[in-house]
Amino acid sequence: MSEIYVDADACPVKAEIQRVAERHGIVTHIVSNSGFRPSGNPLMRNVVVSDKFDAADDWIVERIRPGDIVVTADIQLADRCLKAGAQVLGMTGKPFTENSIGTALAMRELSSQLRDMGEIKGGGPSFTAADRSRFLNALELAVQKTKKGI
């Protein structure tokens, strides 16, 4: 059975992930380098890693298998997970795919350069209720895909 891995620092959809995981009986690893409220559900595995740079990312990549589902906003982690055969969803429900990851990495680099030059400031748009709903639907589809072995 596939598992879900969550890059949990600043993840706004942990409750939605838990609902889907419980409904389908899927072991879910909530990985963070800071403390958070643990779930009492035995399917929810709370993992606290060191605060070393990329410790959570490395922990996830070392354990995922083809068919697992990873939830992250980190484009570089998404790339590593796709290469390992996992399905990857962003926090707004947008899937990262082999076809889209190159563009996402390039846009990340461009945005970084523009921020360094002072051309853009701040983060992206606010997380909305529509984003939450879109994520919930995308996660349900990803779980159904793993159950069908697609």
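This is a predicted model: local features need pLDDT of at least 70, side-chain atom pairs count only at pLDDT 80 or more; totals for chains, interfaces and linings use all residues.
Helices α2 and α3 are roughly parallel to each other, a label given to angles under 35 degrees, whereas those over 145 count as roughly antiparallel, 65 to 115 as roughly perpendicular and the rest as oblique. Helix α2 covers residues 55–63 and helix α3 residues 75–83, and their axes come within 10 Å and cross at roughly 10°. Axes here are lines fitted to C-alpha atoms, for helices over the stretch in contact, and angles run from 0 to 180 degrees between N-to-C directions. The helices (H or I, at least four residues) and strands (E, at least two) are DSSP runs, numbered from the N terminus.

Residues are numbered from 1 along each chain as its sequence is written, and side-chain values use heavy atoms, with hydrogens and water left out.

Back to the pair: D57, D58, I60 and V61 of α2 meet L77, R80 and C81 of α3, where contact means heavy atoms within 4.5 Å. By class, that contact has 4 nonpolar, no polar and 3 charged residues; Ala, Val, Leu, Ile, Met, Phe, Trp, Tyr, Cys and Pro count as nonpolar, Asp, Glu, Lys and Arg as charged, and the others, Gly among them, as polar.

Now to a second pair. Helix α1 (residues 14–24) packs against helix α5 (residues 129–148) at an angle of about 30°, with the axes 10 Å apart, and α1 and α5 are therefore roughly parallel to each other as well. On the α1 side, the residues that take part are E16, I17, R19, V20, R23 and H24, and they meet R132, F135, L136, L139, E140, V143, Q144 and K147 in α5. That contact has 6 nonpolar, 2 polar and 6 charged residues.

Which residues of α5 are buried? They are D131, F135, L136, A138, L139, A142, V143 and T146, with buried meaning under 20% relative accessible area, exposed over 50%, and partly exposed in between (1.4 Å probe, protein chains only). What covers them includes β1 (4–7), α1, β4 (69–71) and β5 (87–89).

Let me take A138 in α5 as an example. A138 counts as buried because its relative accessibility is 15%. Leaving aside residues up to four places away in sequence, A138 touches L89 and G93. A138 and G90 are 48 residues apart in sequence, yet 9.4 Å apart in space, C-alpha to C-alpha.

Finally, just after α5, G149 takes a positive phi of about 75°.
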